[in-house]
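Open the model and keep the sequence beside it. We will read some of its features by question and reply.

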Amino acid sequence: MQDFLSGRRVLVVSTNYAPEHAGIGPYSTQIAEHLAASGADTHVLAGMPHYPAWRVPEAYRGRWRLTEVREGVVVHRRRHTVPARQTALRRGLFEASVLAHGLLAPPRVRPDVVLSQVPSLAGGVLGARIARRAGVPHVVVVQDLMGAAAGQSGMRGAGRVASQAGNVEGRVLRSASVVGVVHESFTDRVAAMGVPRERVRVVPNWTHVRAPDGDRARTRARLGWSEDTVVVLHSGNMGLKQGLEVLVETARLVDRDGGGVRVVLMGDGHLREHLLRLGAGVGALSFLPPADAEEFPEVLAAADVLAVTQRASVVDMSLPSKLTSYFTAGQPVVASVAAGSGTAREVERSGAGVVVPPEDPKALLAAVRSLAADAERCAELGARGREYVERRLSRRAGLERITALVEEALAAG
């Protein structure tokens, strides 16, 4: 691969990029850095950092355009709107601003191949346009399906834009040389958009965090988690599709049932303030800010149960990137998600957790208490998660799958 990429110029289009530490940002970053290390002249067209807080850090605030070099990768940043509150209209304005600035001032480089991460939808359109103008192959990696996301997210006004987003997304995917999807549950929907199945490849995300190696008891003590309390931790974005209200209501049930369980929401997002208000006065609920890269795996491993939640309407448009980190942490997972969804299938395939009905706090709490009463089962589920990472989700394997897409597109011309 290194000889094949040596001297080639690759443009990665991804609105999210380092220093963003959640969502698809770490994947875009590791892809670009891996391509650069393989000998490619690697450039990235990205937005200003803003996720998951939906706030631009001080160092990037007020900047219109910016070029920086990070780990051998040239990053071309373009300013865009950053809505503090998510509605279909505000998300549309966000996408439009990304698209407009990218069209107005694309990077002044001629790539040999373009690789786009979807979402965002605007990034896919930009990647397709740049590739078409340069007469080079376009590779699309689908992390979330934007049209389906709009329809399933529950965002206000989303129904009106879901079909338009799906139409644009379909055009981008049909024009691509090769399409990678992070889970096989996306394949049928992509094929239904008119993408030939022979151009679709399954490229699962990999774990982008290290395995924990610290003192679990010390981490719990620092966080104020007593050893006789079962800690249920959700880590990541606090947005609409996560349906985190179920965890607030689970904590409320704990208060009524006499305690023994603590529900912890760690992270940021546009619904954090809403969840804080909703959970005011709930004793079994607490919030933590996002952990830094060094601390993050230790906090995950210090919990007793790791929770992933989604609204009942979320079926086949998204696979939470947090799952790879959860499996690496070696703790059992409880998934409050729709049966048959990509998330449910991934948890079941890993053997690392249990699936309960979405938006059902009683079922979630019952699963947590069942696990808490069976230490042997918890240890077995945690071990299966780590084994699954080694077998399927290693960084090396994941990056090799992505670079194989690039190689395939370049070879096809």
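The dialogue below goes through a predicted model.

Q: What kind of model is this?
A: It is a predicted model. Local features are read where pLDDT is at least 70.

Q: How many residues of strand β5 (residues 113–118) are buried?
A: Six of its six residues are buried, and the strand is mostly covered.

Q: Which residues of β5 point one way, and which the other way?
A: Start with the general idea. In a regular strand the side chains alternate between the two faces of the sheet. Now the case here. V113, L115 and Q117 point one way from β5. V114, S116 and V118 point the other way. All of them are buried.

Q: How many bridges join β1 to β5, and how do the strands run?
A: Four bridges join β1 to β5, and the two run parallel.

Q: How many bridges join β5 to strand β6 (residues 138–142)?
A: Five bridges join them, and these strands run parallel. V118 has V142 in β6 as its bridge partner.

Q: What do β5, α4 and β6 make?
A: They make a right-handed β-α-β unit. To check the hand, point the strands away from you; the path from the first strand over the helix to the second runs clockwise.

Q: What does helix α4 (residues 121–134) reach from its first C-alpha to its last?
A: Compare the span with the expected one. Helix α4 has 14 residues and reaches 20 Å. That is close to the 20 Å expected at 1.5 Å a residue.

Q: Why is α4 largely enclosed by the rest of the structure?
A: Count the buried residues. In α4, 10 of the 14 residues are buried, so the helix is largely enclosed by the rest of the structure. Among them are L121, A122, G123 and G124. L126, I130 and A134 are also buried.

Q: Which residue follows α4, and what is its phi?
A: G135 follows α4. Its phi is positive, near 70 degrees.

Q: Is W54 buried or exposed?
A: Begin with its backbone. W54 has a positive phi of about 55 degrees, although it is not a glycine. Its place is in the loop between β2 and β3. The cut-off for buried is under 20% relative accessible area. W54 has 6% relative accessibility, so it counts as buried.

Q: Where is the peptide bond from Y51 to P52, cis or trans?
A: Read omega. The bond from Y51 to P52 is cis, with omega near 5 degrees. P52 is found in the loop between β2 (41–47) and β3 (65–70). Another cis peptide bond runs from A18 to P19, with omega near 15 degrees. P19 sits in the loop between β1 (9–13) and α2 (25–37).

Q: Which residues does T187 touch, not counting residues up to four places away in sequence?
A: T187 touches V181, R197, V200 and V202. T187 belongs to helix α7 (residues 187–192). At 13% relative accessibility, T187 counts as buried.

Q: How far apart are L93 and P204 in sequence and in space?
A: L93 and P204 are 111 residues apart in sequence. In space they are 30 Å apart, C-alpha to C-alpha. L93 is found in helix α3 (residues 88–104). At 48% relative accessibility, L93 counts as partly exposed.

Methods. Residues numbered from 1 in each chain as written. Predicted model: local features only at pLDDT ≥ 70, side-chain atom pairs only at ≥ 80, totals over all residues. Heavy atoms only, no water. Buried < 20%, exposed > 50% of the residue type's maximum accessible area, 1.4 Å probe, protein only. Contact = heavy atoms within 4.5 Å. Expected span 1.5 Å × (residues − 1). Pairing = 2+ DSSP bridges.
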